[in-house]
Amino acid sequence: PAVTASAPAPAQAAAAPAFDSVSSHASSVPPPAATLAFSSISSLSAEPNATGSGPSLPAAATRSLMADRILVEKGARRLLLLNRGQVIAEYPVKLGLSPKGHKQFEGDFRTPEGVYHLSRRNPRSEFFLSVEVSYPNEADRARANAEGLRPGGLIMIHGQPNVPRKPPEYYATRDWTDGCIAVSNAAMVDIWQRTRIGIPIEIRP
C-alpha cells in the first residue's frame, strides 16, 4: 500500500524580544524626602502634534511586576522602580547640564527635585518614548513668579534622541539634557511598560 507522508509540524512562534539594562532587586528604599521643585528639555506637545515616528514596541505587554512608585537619586545617577516599597528595577540616568540643585526657572538646565507624579505619555516625541513629570506645581510657579521668571516645564523621562546631534559617546558619558531624565532606549521600553499615569515620582538630590 502507498505510504502517506505526514505533514510537517507547525513552526513555533518567535519569542518576544527581550530588553536589557534592568537590574532586579528586593531591597527597601529610605523614607521619602521633603517636596522641592523642577524645568524643561523635551520639545513635546500634545499627542496630535507630537513629533517623531515613534518606536515599534512588542505586541504583548510585559509580564514583569508593575511599579507603583518611581525614585530618582540624582547623585547616584539612577532611577528605581518600586512596588510596595521594594526596588524591582534600576537604571542608570543622565540629567540636566546643570544637575546640582532643584529647578528654579526656565532655562537653568536643572533637573527638579521633589515629589511629583507621571502626567502624560508621548510615543512620538523627539526622543525614544517619553513620560512627562508633573512639574511645575503651584509652589514652583509661585517661586519663579516671585523672581519675575517662568518656572519652565516639560520635564520628561525619555530615551535617546531620534536624531542625535552628537556622537553616541557624548550621550553615554555626561549629563546632557535641558533638565529631563534620560535613559537608554532599552531601559525606556521597560519603564514605559511597567509604569502608569498618576503614579508618584520622587526626585532626590
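What share of the 205 residues of the chain counts as buried? The share is 42%, where buried means under 20% relative accessible area, exposed over 50% and partly exposed in between, with a 1.4 Å probe and protein chains only. This is a predicted model, in which local features need pLDDT of at least 70 and side-chain atom pairs count only at pLDDT 80 or more, while totals for chains, interfaces and linings use all residues. Residues are numbered from 1 along each chain as its sequence is written, and side-chain values use heavy atoms, with hydrogens and water left out.

**Overall build**

- The chain has three helices and eight strands; these are DSSP runs numbered from the N terminus, with helices (H or I) of at least four residues and strands (E) of at least two.
- Along the sequence, the order of elements is β-β-β-β-β-α-β-α-β-α-β.

**Thr-177**

- Thr-177 sits in the loop between helix H2 (168-173) and strand S7 (181-182).
- Thr-177 counts as buried because its relative accessibility is 0%.
- A polar atom of the Thr-177 side chain lies 3.3 Å from the backbone nitrogen of Gly-96. A polar contact is a pair of N or O atoms within 3.5 Å; within protein, one must be able to donate a hydrogen and the other to accept it, and residues adjacent in sequence count only if both atoms are side-chain atoms.
- Ile-155 is 22 residues from Thr-177 along the chain, and their C-alpha atoms are separated by 10.0 Å.

**Aromatic rings**

- There are four aromatic pairs in the structure. Rings of Phe, Tyr and Trp (its six-membered ring) pair if their centres lie within 6.5 Å; planes under 30 degrees apart count as stacked, over 60 as edge-to-face and the rest as tilted.
- One of the pairs, Phe-127 with Trp-176, is tilted, at 6.0 Å centre to centre and 35° between the planes.
- This pair links parts of the chain 49 residues apart: Phe-127 is in the loop between strand S4 (114-122) and strand S5 (130-133), and Trp-176 is in the loop between H2 and S7.
- Phe-127 is buried, at 9% relative accessible area, and Trp-176 is buried at 9% relative accessibility.
- Tyr-171 and Trp-176 pair edge-to-face, with 4.8 Å between centres and 80° between planes; Tyr-171 is buried too.
- Phe-127, Tyr-170, Tyr-171 and Trp-176 make up one aromatic cluster.

**Charges over rings**

- Arg-121 lies over the face of Trp-192, 4.0 Å from the ring centre. The criterion is NZ of Lys or CZ of Arg within 6 Å of the ring centre and within 35 degrees of the ring normal.
- Lys-166 lies over the face of Tyr-170, at 5.3 Å from the ring centre.
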